[in-house]
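Let's take a look around this one together. We'll go through some charged pairs and then peek inside.

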Amino acid sequence: MSFTRATMPRVPAKLAICGASGTGKTYSALLLARGLVGDSGKIAVIDTENGSSCLYSDLTPFDVSVIKAAPMSNGVDIYNVKDIVKAIKDAETANYNALVIDSASVVWSSLCLFKERLDEDGGSQYCNWSKPKARLAEFKNAVVNSSMHIICCFRQKTEYVIETIDGKNKPRRVGTTLEASKGAEYDYSIVFELDREHNARLFKSRLNLGDDNAFCEPLTRATGEKLSTFFNKR
């Protein structure tokens, strides 16, 4: 067995943007993607939000694939994770430089509903996890092993906290629990968390980007350009 000197790899970015509804996840992801790939780079979006990403078509050029949920035998609508995985691979085959998945939270929520359906049909609740876990692994592998830059948007459950402002108690809406599988953040090099003012907190980073306050401002194209110096441009 031999060893070689470790060097900084030039690899595609795998980023996650988390936030409650209305924090600007889609908007921020598109700006980051453009910064990562430059003016001539090709951006694709996998849209599981009924085509809502197209509302930002004037922000930057991108192509979109809208994936819709379909009913199971019990009438509950879920997303087929295999369709999302296929769309990731199709984008790679089409030589897109960056891919935004909005929202990636439907992968976990759909697999949970799929598991509930299997439980209703009988069998061991423990063994019934085998199929959903296998599909989750397919999604993770497609993201992590892709040669494209990938930005996944994750929802956070919304809760209200009471703040005292000028002597008065006022409710403020915040994002809390991530709507994703446990430990999902480990699959990404950088995880941003957005607040109601659209400011981003650096939740996790494998790169030397400074402390947690390094990005306490909205994510912009300039942010993506800065990150592109760490990652490989195709």
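Lys-115 is buried, at 7% relative accessible area, where buried means under 20%, exposed over 50% and partly exposed in between, using a 1.4 Å probe and protein chains only. This is a predicted model, where local features need pLDDT of at least 70, side-chain atom pairs count only at pLDDT 80 or more, and totals for chains, interfaces and linings use all residues. Residues are numbered from 1 along each chain as its sequence is written, and side-chain values use heavy atoms, leaving out hydrogens and water.

Lys-115 has a salt-bridge partner, Asp-119; a salt bridge puts a side-chain nitrogen of Lys or Arg within 4 Å of a carboxyl oxygen of Asp or Glu. Both residues sit in helix H3, four residues apart, or about one turn. Helices (H or I, at least four residues) and strands (E, at least two) are DSSP runs, numbered from the N terminus. Asp-119 is partly exposed, at 23%.

The count of salt bridges comes to ten, and here are some of them:

| Pair | Closest N to O |
|---|---|
| Lys-115 and Asp-119 | 2.7 Å |
| Asp-121 and Arg-117 | 3.5 Å |

Glu-49 lies in the loop between strands E2 and E3 and Arg-155 in strand E7, so their pair ties together parts that are 106 residues apart in sequence. In the Asp-121 pair, Asp-121 is exposed, at 54%, while Arg-117 is buried, at 19%. Asp-39, Arg-221 and Glu-225 are linked in a salt-bridge network.

What about disulfides, meaning cysteine sulfur atoms within 2.5 Å of each other? The count is zero. Cys-54 is partly exposed, at 35%, and so is Cys-127, at 49%.

Terms used. Disulfide = S-S within 2.5 Å.
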